[in-house]
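Here is a briefing on aromatic contacts. Look at the rings first.

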Amino acid sequence: MVIDTEGIAEKDEPVEVVGSEFLAPHYGVSGFYAISKGNMKTIPSNLFDVMPDLQYFYAHDVNLEEMPTDSFKTCSQLKQIGLQKNEIKELGDEFAKSCSQVYTLDLSYNKIKGINSNSFKGLTNLSVLNLDFNFIETVDENSFELLQSLTLLTLNMNQITYVHPNAFHHLPSLNSLVLSNNRIKVVKSGWFAEKNYFERLNLKNNEIEAIDPAIFETWLNSKLNVTEKLFQLNVEGN
């Protein structure tokens, strides 16, 4: 998945930059799009000081290695963050704690191995989280517990072997989950214990040996009619 930027330029033309020294002349713009290959390595602490109205930040393929704590401290208006194709191994605690309006976060094609739930603190309206093509091995009980508004979580092409039975228990809005191309062997019943509707579950190309049939009981026993609880299940390649 790639963040859709269509239409953004119609209102606020993104500024194509790779460093804070270019930002000063663009005070007040709401688009900052870093597309040039470079060596940003990390986000400078003052990078966005002159852009309090920033709404879209994309840093693709600029060799970012880390997202420090409070990276977006002045960006309360941010709506989308795209950090694809970088070298990020971990996210700092509360790296986007000031960004309660962000609804899309794309961290695909990085080198993230583990998920720290504190990294997502403050992202209260995050709806879409893309962690495709990383090196994640486990999904713990509290990995995503702070993302109460999350509807789509995609973890395609990682190295996941274990998902805690309650890993998605804390996500009341989640209705689409992509776990394809991993190494999962068992699908636990607790994953969707609180769900009476789920739109999509993609487990394609794993190593699944068993699926607990109780995983579907909540859906099947719900009071919703068939069209309201319709969902897609993909277990090809297992």
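Is F72 buried or exposed? F72 is buried, because its relative accessibility is 0% (buried is under 20% relative accessible area, exposed over 50%, partly exposed in between, with a 1.4 Å probe and protein chains only). This is a predicted model: local features need pLDDT of at least 70, side-chain atom pairs count only at pLDDT 80 or more, and totals for chains, interfaces and linings use all residues. Residues are numbered from 1 along each chain as its sequence is written, and side-chain values use heavy atoms, leaving out hydrogens and water.

**Aromatic pairs**
- The structure has seven aromatic pairs (Phe, Tyr or Trp rings, the six-membered one for Trp, with centres within 6.5 Å; planes under 30 degrees apart are stacked, over 60 edge-to-face, the rest tilted).
- F48 and F57 are edge-to-face, because their planes stand at 80°, with centres 5.1 Å apart.
- F48 and F72 are stacked, at 5.4 Å centre to centre and 20° between the planes.
- F48 is in the loop between β2 (31-34) and β3 (56-59), and F72 in the loop between β4 (66-67) and β5 (80-82), so this pair ties together parts 24 residues apart in sequence (strands are DSSP E runs of at least two residues, numbered from the N terminus).

**Cluster and burial**
- One aromatic cluster is formed by F48, F57, F72 and F95.
- F48 is buried at 2% relative accessible area.
- F57 is buried too, at 0% relative accessibility.

**Charge over a ring**
- K85 places its charged end over the ring of Y109, 5.9 Å from the centre (NZ of Lys or CZ of Arg within 6 Å of the ring centre and within 35 degrees of the ring normal).

Methods:
Helix = DSSP H or I, 4+ residues; strand = E, 2+ residues; numbered from the N terminus.
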